[in-house]
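Dear colleague,

I am passing on the structure below, followed by some notes on what turned up in it. Please read them beside the coordinates.

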Amino acid sequence: MSKSMEGKVKGICEKFGRDRTRMMDIVREVQAEFQHVPEGAMSIIADECNTHRVEVESVVSFYAFLTDRPQGKVVIRLCNDVVDKMRGVDATAFVLEQAFGIKMGETTADGAVTLEWTPCIGLSDQAPAALINDEPVTWFSTDKAQRVAESLKEHLDARRLVRTFGDGNNAHPLVRAMVVNNIRKTGPVIFGEYHIGDAIRKALAMSPVEVIRDVKTARLRGRGGAGFPAGMKWEFTRNSGGATRTLICNADEGEPGTFKDRVVLTERPDLLIEGMTIAAYAIGAERGILYLRAEYAYLRAFLEKVLERRREMGLLGLGICDNEKFNFDIRIQMGAGAYICGEETSLISSCEGLRGDPKTRPPFPAQKGYLDTPTCVNNVETLCCVPPILENGPAWFAQLGSKGSPGTKLLSISGDCSMPGIYEVEFGTTLQEVLQLAGADEPKAVQIGGPSGQLIGEAQFNRTICYDDLATGGSLVIFGQGRKIVEIARQYTEFFIEECCGYCTPCRVGMSLMKRKLDELLAGKGSVADLDYLAELGKTVKLGSRCGLGQTAANPILTSLANFRSDYTMLIAASGEEAFLPTFDLKKALGTHEKIAGRKSAIFEE
């Protein structure tokens, strides 16, 4: 490594105080400087941060957006999510490959351009989509791909590809993105009337215990899908021992088909930060972290400006609202492409500068979380519900929605419908009503809650969206009559295999075995017994996996088997049980022995 490169790496480490817990920020900046994290840089980082080299390498090797291999000055990450494939992303990829003379996963000989596949980037409502460096490119058709390729050959500047700006803050000078919000239906909570600072002042006129009481009275439940009561989580964190507590906002929405946080971060950042500030006051935290997924890096400068403005207004930092006893500030922690970091203990590991490995519970984060401090992790939508509750009162919030699910729910709707986008609906709304709002024409199936949720058919469209019936973190993908259910299940299974951390055997091995069986079924080599095999193996993966990813990874197969079994049986060529497994190729099996014997089989001839 040259002296110049060494100096730059050391400078980056110094910028972050040579703090090992800021490893994510250090390696991200090193990669931005050199288009990868060089081998020599890892050793320097380890020495500067007083850690082991293997710790640095483990971080670089874990996250999809980090690499130790040189990449191009321009990295085109093309989204291969199910919705993007439905919209023809494979044809777009072919155009890019032809234009640059390389395959996906390769870099041009001159080191100019790298082509990569990437999972959902939060743009399913305007698919196919891509990230070119950090710039989101929407509706990335084959024609647009050709134009983009020609432009990049001229200037290698991703910013110059953005010629028109989207609506709202997408046109803000610090954003300037072609993304559109697609807000189709607003509601009284997230998109209702909001006055900056009013809710904080009201909270500070109460004790922290009274704030928690109001949140519990409103019966606010976590909007991530599991629905754990927010007030109870706050209470657990506040009552844990220790002088230091931490609040983390999980803005790492990686569930395929989900993009609601993208819109909230763009249009309602003050609402979110105010919710974080009130939560911090309630639990007694002075330190806050907004964990922002790497796919939303284009919003970072804008969000940093919002934080700075709120500090100037006295709504963040030291002595908030002239209350000398309340100090709270927020830093943005960038992710680097890892779906599993949506799980709270994995997210905490990432914030600590480690691989995003899930942690064993107990202890729970409320007892021992970020840097061993009592930690409360809430997602974006949950925290956005807090200011309206304080402003309007818990009774106002509790009367919205259904009996067991108060309030509203943000839905990210995409797929086979005429109006994909964001819908804020009250809990208790039927799925059929939502499908009508979205302009879904004769849908065959709906994946609700993302692939970790459930795939349901027309017979269940009268069910309601609530925690007691169709619980969802917000993703809703619609599939029309011509879609192949088993192929959809296979693609989602492939996604889970890619995102698996590899820690536990049931998930790591079980999901690969399930995908292999789906491949055989789709190739016409399956048997009736395979369906029972998939069901049993799916239950094993669900029960034996360590974290939420593994516990839900088999859901695309299990729920499609339960609700669309005929789609599976149609793939089985023979009726009843076969005497021989159709996947067994006798001729191929004999091939090695025929070579050894030096002759063809006398029994099994062609």
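Y194 is found in the loop between strand 5 (183–185) and helix 8 (198–204), where helices (H or I, at least four residues) and strands (E, at least two) are DSSP runs numbered from the N terminus. The model is a predicted one, in which local features need pLDDT of at least 70 and side-chain atom pairs count only at pLDDT 80 or more, while totals for chains, interfaces and linings use all residues. Residues are numbered from 1 along each chain as its sequence is written, and side-chain values use heavy atoms, with hydrogens and water left out.

Y194 counts as buried because its relative accessibility is 17% (buried means under 20% relative accessible area, exposed over 50%, partly exposed in between, with a 1.4 Å probe and protein chains only). Leaving aside neighbours within four places in sequence, Y194 is in contact (heavy atoms within 4.5 Å) with R268, D270, L271, E274, R310, P387 and E391. Of these, D270 lies 76 residues from Y194 in sequence, and the two are 9.3 Å apart in space, C-alpha to C-alpha.

Best regards
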